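Open your viewer and keep the selection tool ready. Each stop below tells you what to pick and what to look for.

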Amino acid sequence: MTQVQPLEREEGRDVAKAWAHVRTNLRRSAGQRLFDQWLKPVVLIDGSDSHAVRLGLPSPFLTQWVKNHYAERLLLEFRAVLPNVRSVTLETLQDAEQRVLSAEPAASPAPRKETLVEPAERPAFDPRFTFDRFVVSTTNRVAFNAARTVAQPGVPMFSPLYLHAGTGQGKTHLMHAIGHAFLEANPGATAIYSTGERFMFEFVQALRNKDTLAFKTRLRSVDLLMIDDLQFIGGKDATQEEFFHTVNEFMSAGKRLVIAADRAPQALEGFEPRLVGRLGAGLVADIKPAELDLRRAIVERKLKDMPAVDMPVEVADLLAARITTNVRELEGALNRLVAYASLSNESITIDFATSVLGEVLRTSQRRITIDEIQRAVSTHFEVKQLDLISARRAVAIARPRQIAMYLAKRLTTRSLPEIGRKFGNRDHSTVIHAVKRIEDLRSKDVEIDGAVRALMRTLEG
């Protein structure tokens with residue numbers, strides 16, 4: 001390993017102070033549980049300076065996770081304190097000789113446990129993921145009601161509860177919400193939350209250590225067992241065998257078992273038929289992709305937790321309309337936009353959002369054409385499509401034309417001159433006026449706002 005040169009005393013002190021400030025911001029924005037699990041282990045490595053910051057973590061897994069989720073945020077946070085910072089690198093601490101700079105006085109860290117939570121302990125469920133913070137719609141109502149039911153005291157109505165949905169649609173949120181509600185209603189109860197991958201890892205470790213009895217006892221003695229991302233044990237025969245017996249044990253004992261995966265039981269690849277049968281023996285509930293109204297409601301719910309954030313309605317609508325992949329990506333885009341605005345001291349506007357989230361908006365957007373928009377507007381307002389590109393200035397034609405231009409700017413990647421040409425070779429300044437006019441009317445006129453929302457639902461369909 002390359003020898004690390006000592007920091008100059010004054011510069012080292014500046015970087016350490018900046019790191020303390022960054023940690024405080026991260027703890028506040030991420031929440032205590034997320035911070036403790038993923039960000040607290042990050043340390044500042046001796047060798048950092050005001051241009052290049054080096055951060056270290058104790059394992060490759062943690063290093064990769066923080067890179068994937070916080071690399072950009074860390075750079076922005078450091079630059080907000082030390083403007084000369086050019087890079088923030090994340091490294092795995094493999095050398096015991098490698099020195100770190102403490103951001104806060106702390107005792108020696110406790111050794112990390114690589115085992116599932118002991119039954120006597122209560123899992124630290126994410127405080128953000130509760131039932132009252134879950135936005136309900138027709139796409140997830142059955143799964144939501146089933147989750148609330150299984151969390152209630154008394155004999156469970158069904159077990160297992162099997163939730164399935166694509167990535168980022170709310171499965172993990174519901175599982176954490178079940179954990180919160182169940183332990184609150186049953187103060188003396190015990191629970192384990194794990195993933196299919198973790199279950200497999202723990203089982204293999206138990207086999208190697210010839211300690212499978214302790215593994216089985218730990219799992220089967222709890223009152224609530226939740227396994228997320230079960231699809232990862234597909235094709236793992238020994239792990240499936242153990243999981244099959246665990247499912248049987250919980251079902252015969254009438255205890256709560258909650259399982260989540262990215263597909264229905266019958267669609268799981270590499271799973272034994274008898275296990276598939278057990279998984280479908282309880283209640284199977286799916287969560288469909290979030291529709292526009294739900295995405296908009298999720299943005300509004302998230303903004304309630306950010307009272308200091310001033311986000312115009314048109315920006316919230318832009319996020320909900322363009323980011324359709326999954327809820328997690330939508331929330332990530334919102335957090336990124338708010339962070340950029342805060343760190344750069346900028347107001348959140350349509351142009352600012354497009355600048356910050358340009359690539360995200362482009363990749364998430366369904367290709368909507370201006371012709372589609374014109375057809376939808378003409379149908380909604382019962383005017384001819386030709387009228388939208390004509391020179392007629394009657395309000396009955398001009399207002400739908402302005403709305404069509406507004407939607408073309410919001411829902412397509414066409415430039416202002418291109419939009420103008422599609423509306424009877426109008427100048428780009430006419431398009432700008434139309435967009436501003438509709439933005440203003442949406443905040444004052446309920447009918448105009450309702451019409452725009454209805455058209456967006458139709459076009460995003």
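**Before you start**

This is a predicted model: local features need pLDDT of at least 70, side-chain atom pairs count only at pLDDT 80 or more, and totals for chains, interfaces and linings use all residues. Residues are numbered from 1 along each chain as its sequence is written, and side-chain values use heavy atoms, with hydrogens and water left out.

**Stop 1: Glu77**

Select Glu77. It sits in helix H3, residues 60-81. Helices (H or I, at least four residues) and strands (E, at least two) are DSSP runs, numbered from the N terminus. Is Glu77 buried or exposed? Glu77 counts as buried, because its relative accessibility is 3%. The terms work like this: buried is under 20% relative accessible area, exposed is over 50%, and partly exposed lies in between (1.4 Å probe, protein chains only). Now show the neighbours of Glu77. Leaving aside residues up to four places away in sequence, Glu77 touches Val22, Asn25 and Leu343. Contact here means heavy atoms within 4.5 Å.

**Stop 2**

Go to Ser159 and Pro160. A cis peptide bond joins them, with omega about 5°. Pro160 lies in the loop between helix H4 (141-151) and strand S5 (161-164).

Next, pick Asn345. Its phi is positive, about 55°, although Asn345 is not a glycine. Look for Asn345 in the loop between helix H12 (327-344) and helix H13 (350-356). Asn345 is exposed, with a relative accessible area of 72%.

Then jump to Glu382. Here too phi is positive, near 55°, in a residue other than glycine. Glu382 is in the loop between helix H15 (370-381) and helix H16 (385-388). Glu382 is exposed, at a relative accessible area of 74%.

**Stop 3: salt bridges**

How many salt bridges does a search of the whole structure find? The search finds 26. A salt bridge is a side-chain nitrogen of Lys or Arg within 4 Å of a carboxyl oxygen of Asp or Glu.

Select Arg54 and Glu91. Their side chains meet in a salt bridge, 2.6 Å from N to O. The pair links distant parts of the chain: Arg54 is in strand S2 (residues 52-57), Glu91 is in strand S3 (residues 87-92), and they are 37 residues apart. Glu91 is partly exposed, at 22% relative accessible area.

Move on to Asp317 and Arg296. The closest N and O atoms of this salt bridge are 2.3 Å apart. Asp317 belongs to helix H11 (residues 313-322) and Arg296 to helix H10 (residues 292-304), 21 residues apart. Asp317 counts as buried at 3% relative accessibility, and Arg296 counts as buried at 9%.

**Stop 4: H10 and H12**

Show both helices. H10 and H12 pack at about 45°, with their axes 11 Å apart. So H10 is oblique to H12. To see where they touch, select Arg295, Ile298, Val299, Lys302 and Leu303 in H10, which meet Val327, Leu330, Glu331, Leu334 and Asn335 in H12. The residues of this contact divide into six nonpolar, one polar and three charged.

Technical notes: Axes fitted to C-alpha atoms, helices over the stretch in contact; angles between N-to-C directions. Parallel < 35°, antiparallel > 145°, perpendicular 65-115°, else oblique. Nonpolar A, V, L, I, M, F, W, Y, C, P; charged D, E, K, R; others polar.
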